[in-house]
Amino acid sequence: MTGQSAPVTPAPLFEQAAIAGVGLIGGSVALGLRQRFLARRVIGYDASIEVLREAEALGVVDEVRATPGEWLRACDLVVLAAPMRALAPLARALAPYLSPAALVTDVGSVKAGIAAELEALGVRNFVPGHPMAGSERGGVAHARAALLENAVWVLTPTEHTPLTALSRARTLVEQLGAAPVVMPPDAHDSLVATVSHLPYLASLALTHLVARDERLSLLAAGGFRDLTRVASGDPRMSCDMVMENRQALRDALARFRRQLERLEADLDCPEELLAAAQEGKRTRDSLPVVKRSLLPPRHDLVVAVPDKPNQIGAVTQALGEAGVNIKDIEVLAIREEGGAIRLGLESPEDVRRASGILSAAGFEVRGRG
């Protein structure tokens with residue numbers, strides 16, 4: 001680094017972000033904002049003091065708040081990340097304190113209702129959103145920035161959504177490593193009724209068959225467990241999700257019944273059933289596989305770098321000279337002012353050593369995956 005000017009942390013997209021609801025998805029968004037240097041400060045808001053303490057202790061957020069108030073006016077990004085049943089009440093509680101210039105979005109799996117709610121509240125820069133990511137393990141303890149990487153993130157603007165707000169939301173999603181897809185709220189709700197909510201009800205129906213016959217439970221393994229995996233989700237959250245989208249789900253159920261009736265009829269026509277099976281295989285095999293980061297989160301170090309020549313070289317040289325072995329390296333994002341790289345290291349001790357070395361060299365670093 002001799003003779004070079006000290007590195008400058010890239011300018012963030014947002015000065016202060018509020019994550020309202022610090023669970024699995026909200027916590028993952030918070031970590032993505034912090035690790036990728038997208039927000040200068042991230043505030044966690046939640047009704048549960050225990051959740052807030054855990055989020056702060058894990059380094060998911062910079063500070064926590066348990067009640068809405070004037071502090072929200074300084075936030076230029078607000079993410080509503082509560083469960084479906086709590087989204088509308090949460091929006092009503094926060095709306096009086098939001099800055100008119102703030103970008104507001106949510107992560108709910110049903111869009112028409114929350115879009116209408118925010119419009120009625122007069123929140124102008126609201127862009128409804130739904131990251132298609134998740135895990136059977138909920139809670140902030142399982143939050144990971146990598147959960148959002150390569151995930152489809154649906155944005156559902158209405159006719160009243162400002163184009164500038166949609167553009168900012170797209171940039172946010174891209175910088176978090178996800179793939180934005182834009183469609184109207186009603187179209188989104190119809191599609192997720194088929195690909196998400198209907199499979200949940202189908203899983204419930206199949207598990208109920210097993211629950212009513214002990215002999216079936218002895219044989220229900222392997223493929224049956226894979227097919228019914230989504231039944232292991234949080235029952236309350238899953239119930240709220242399907243109830244919120246019940247009209248679109250009824251339409252999907254009607255189409256599903258017709259498909260089952262067709263397959264039942266094909267039991268008397270081997271060639272027709274074979275054709276249906278071949279079509280099913282082609283469709284299933286063509287579905288995209290979402291690849292998540294393979295780097296162990298606890299051994300990651302994220303480094304902010306300016307958009308200048310040889311910055312990655314400066315990082316690797318400094319660590320190489322100190323004997324710190326870099327197992328993997330990944331460019332997370334580069335903006336005009338710079339971006340971030342993730343280093344995969346061998347051990348937590350290497351993370352601590354590398355953090356000290358690079359901090360002394362003028363780089364800003366963060367070490368939670």
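Helix axes on this tour are lines fitted to C-alpha atoms over the stretch in contact, and their angles run from 0 to 180 degrees between N-to-C directions. Helices (H or I, at least four residues) and strands (E, at least two) are DSSP runs, numbered from the N terminus. The model is predicted: local features need pLDDT of at least 70, side-chain atom pairs count only at pLDDT 80 or more, and totals for chains, interfaces and linings use all residues. Residues are numbered from 1 along each chain as its sequence is written, and side-chain values use heavy atoms, with hydrogens and water left out.

**Stop 1: H10 and H11**

Select residues 246-266, helix H10, together with 270-286, helix H11. Their axes are 8 Å apart, and the packing angle is about 135°. The two helices are therefore oblique to each other; angles under 35 degrees would count as roughly parallel, over 145 as roughly antiparallel, 65 to 115 as roughly perpendicular, and the rest as oblique. Now show side chains for the contact (heavy atoms within 4.5 Å): H10 brings Arg262, Leu263 and Asp266, while H11 brings Pro270, Glu272, Leu273, Ala276 and Glu279. Colour them by class and you will find 4 nonpolar, no polar and 4 charged residues. For this colouring, Ala, Val, Leu, Ile, Met, Phe, Trp, Tyr, Cys and Pro count as nonpolar, Asp, Glu, Lys and Arg as charged, and the others, Gly among them, as polar.

**Stop 2: H6 across H10**

On the H6 side, pick out Asp189, Ser190, Ala193, Thr194, His197, Leu198, Leu201 and Ala202; on the H10 side, Ala248, Leu249, Ala252, Leu253, Arg255 and Phe256. This contact of H6 with H10 has 9 nonpolar, 3 polar and 2 charged residues.

**Stop 3: H12 and H13**

Move on to H12 (311-321) and H13 (348-360), whose axes come within 10 Å and cross at roughly 125°. That angle makes H12 oblique to H13. Val315, Ala318 and Leu319 of H12 meet Ala354, Ile357 and Leu358 of H13. The contact of H12 with H13 divides into 6 nonpolar, no polar and no charged residues.

**Stop 4: an aromatic pair**

Next, select tyrosine 45 and tryptophan 71. Their ring centres are 6.3 Å apart and their planes at 40°, so the pair is tilted. Rings of Phe, Tyr and Trp (its six-membered ring) pair if their centres lie within 6.5 Å; planes under 30 degrees apart are stacked, over 60 edge-to-face, and the rest tilted. Tyrosine 45 sits in strand S2 and tryptophan 71 in the loop between strands S3 (63-65) and S4 (77-80), 26 residues apart. Both residues are buried, meaning under 20% relative accessible area, with exposed over 50% and partly exposed in between (1.4 Å probe, protein chains only).

**Stop 5: two positive phi values**

Most residues other than glycine have a negative phi. Go to phenylalanine 37, in the loop between helix H1 (24-35) and strand S2 (39-45), where phi is positive, near 60°. At 2% relative accessibility, phenylalanine 37 counts as buried. Then jump to asparagine 150, in the loop between strands S7 (129-131) and S8 (152-155). Asparagine 150 has a positive phi of about 70° and, at 46% relative accessibility, counts as partly exposed.
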